[in-house]
Amino acid sequence: TSKLMLIGQIPEAGWDVPQMMIYRLRFEGDNSQSLSTSFARYQNANARNIAMFKSLERHGNIDFFDPSRLVCSEETGRCLNEIDGQPLYRDDDHPSQLYATKIADAVIAQLSASGAREP
């Protein structure tokens, strides 16, 4: 059986990540501390949508993928904006190719694990 995959909102950085990385390097000379944003802020801003998407999963033919799980950590309470000096955003809220690829790979893996067949 085919399944519908709902993909949730990515955490918004709140600033132009590549520009912030350039600014930090130029004016502070240090990019050793990775840029990140508050996980709680993302969860609070998207709580209703996340709850709705998760409730739809109970219908059987719907899967929900939360892209925050790729960059956010309950343990640290932060969502990464960059990994190893590579931005995860192309501006303040759109995923870079790196983050988009991570999302696509994870969605495909989740669909495969759930037994969904390819078209």
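Colleague: I'm starting with helix α1. Which exposed residues sit on the face turned away from its buried side?

Modeller: Those are R26 and F27. Keep in mind as we go that this is a predicted model.

Colleague: Then which residues of α1 are buried?

Modeller: V17, M21 and R24 are the buried ones in α1. Look down the helix axis and they fall within an arc of 65 degrees, so they line one face of α1.

Colleague: What do those buried residues pack against?

Modeller: Two strands: β6, at 82–83, and β7, at 86–87.

Colleague: How do I judge the length of α1 from its end C-alpha atoms?

Modeller: Compare the span with what you'd expect at 1.5 Å a residue. For α1, which covers residues 17–28 and has 12 residues, the span is 15 Å, close to the expected 16 Å. While you're at the start of α1, look at D16: one of its side-chain oxygens comes within 3.1 Å of the backbone nitrogen of Q19.

Colleague: Let me try the length check on α2. What does it span?

Modeller: Helix α2 runs over residues 39–57, and its end C-alpha atoms are only 23 Å apart, while a straight helix of 19 residues would span 27 Å. Now look along α2 for a bend: there is a kink of about 70 degrees, centred on N46.

Colleague: Is N46 buried or exposed?

Modeller: Buried, and F39, Y42, I50 and F53 of α2 are buried too. The strands that the buried residues of α2 pack against are β1 (4–7), β2 (36–38), β3 (62–65), β4 (72–73) and β5 (78–80). At the start of α2, a side-chain oxygen of S38 lies within 3.3 Å of the backbone nitrogen of A40.

Colleague: Next, disulfides. How many does the count come to?

Modeller: The rule is a pair of cysteine sulfur atoms within 2.5 Å, and the count comes to one. The partners are C72 and C79, with an S to S distance of 2.0 Å.

Colleague: Why is that disulfide between C72 and C79 called right-handed?

Modeller: Because the torsion about its S-S bond is about 105 degrees. Both C72 and C79 are buried, by the way.

Colleague: What about α3? Where does the side chain of Q110 reach?

Modeller: Q110 belongs to helix α3, residues 97–113, and its side chain reaches the backbone oxygen of F64 at 3.0 Å. Setting aside neighbours within four places in sequence, Q110 is in contact with M5, D63, F64, F65 and R69.

Colleague: And V107, is it buried or exposed?

Modeller: V107 is also in α3, and with a relative accessible area of 9% it is buried. Leaving out neighbours within four places in sequence, V107 is in contact with M5, I7 and F65. F65 is 42 residues away along the chain, yet the C-alpha atoms of V107 and F65 are 6.7 Å apart.

Colleague: Stepping back, what pattern does the whole chain follow?

Modeller: Along the sequence it goes β-α-β-α-β-β-β-β-β-α, for a total of three helices and seven strands. Of its 119 residues, 33% count as buried. Among contacts with a separation of 6 or more, 73% come from residues 24 or more positions apart. The C-alpha atoms fill a box of roughly 55 × 30 × 25 Å along the principal axes.

Methods
Residues numbered from 1 in each chain as written. Predicted model: local features only at pLDDT ≥ 70, side-chain atom pairs only at ≥ 80, totals over all residues. Heavy atoms only, no water. Helix = DSSP H or I, 4+ residues; strand = E, 2+ residues; numbered from the N terminus. Expected span 1.5 Å × (residues − 1). Buried < 20%, exposed > 50% of the residue type's maximum accessible area, 1.4 Å probe, protein only. Arc of directions from axis to C-beta. Contact = heavy atoms within 4.5 Å. Polar contact = N/O pair within 3.5 Å; in protein donor to acceptor, adjacent residues only side chain to side chain. Bend = angle between axes of the 7 residues up to and from the residue.
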